[in-house]
Amino acid sequence: RNRSARSVVEPVVLGSLLTELETLEALDRCHEARAVVLRMARLASHGRLDAFVHAVGADSKLDERTRRWVLDLARHEPFLLATAEYASLQSASAGD
C-alpha cells in the first residue's frame, strides 16, 4: 500500500518549520546578531544587499568567522526577509 504524499512530506516540512522557528527565537534573544540580520533584511528588501556583501568581503578588519557568517546569511535572502517579518510580528504582539 502506498503512503500518501502528505504523510511522507508532513514530518519533513514540520521539522523544517520547527528548526526555522527555533532559529528565529534564538535570534530574538541575541540582540547583536538580530541587529545584523535585520539590517541585511532591510538592504535585501531594497535591492542593496549585493553592495553590502561586497563591502563585507573587502573589509580586512573583519575576522574570518564573522565574514563567513555574514556572507552565508546573504545567500539566504528568504530567511532574512522571514526574520524581518517575524520581528515585525513580535513587535506588533508586544504592543497589544
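The largest nonpolar core has 17 residues, of which M40, L49, F52, L73 and L80 touch the most other members. Such a core is a set of buried Ala, Val, Leu, Ile, Met, Phe, Trp, Tyr and Cys residues joined through side-chain atoms within 4.5 Å. This is a predicted model: local features need pLDDT of at least 70, side-chain atom pairs count only at pLDDT 80 or more, and totals for chains, interfaces and linings use all residues. Residues are numbered from 1 along each chain as its sequence is written, and side-chain values use heavy atoms, with hydrogens and water left out.

- Helix α2 supplies the largest share, six residues.
- L80 touches V37, M40, A41, L49, L73 and A74, not counting residues up to four places away in sequence. Contact here means heavy atoms within 4.5 Å.

**Fold and surface**
- The chain has five helices and zero strands. Both are DSSP runs, numbered from the N terminus: helices are H or I with at least four residues, strands E with at least two.
- Along the sequence, the pattern reads α-α-α-α-α.
- Of the contacts between residues at least 6 apart in sequence, 60% join residues at least 24 apart.
- Buried residues account for 22% of the 96 residues in the chain. Buried means under 20% relative accessible area, exposed over 50%, and partly exposed in between (1.4 Å probe, protein chains only).

**Helix α3**
- Helix α3 spans residues 49-58, and L49, F52 and V56 are buried in it.
- Seen down the axis of α3, its buried residues fall within an arc of 60°, so they line one face of the helix. The arc is that of the directions from the helix axis to the C-beta atoms.
- These buried residues pack against α2 (31-45), α4 (64-74) and α5 (77-94).
- The face turned away from the buried side of α3 carries the exposed residues D50, A51, H54 and A58.

**T83**
- T83 sits in helix α5.
- T83 counts as buried because its relative accessibility is 4%.
- Leaving aside neighbours within four places in sequence, T83 is in contact with L24, L27, V37 and L38.
- V37 is also among the residues that L80 touches.
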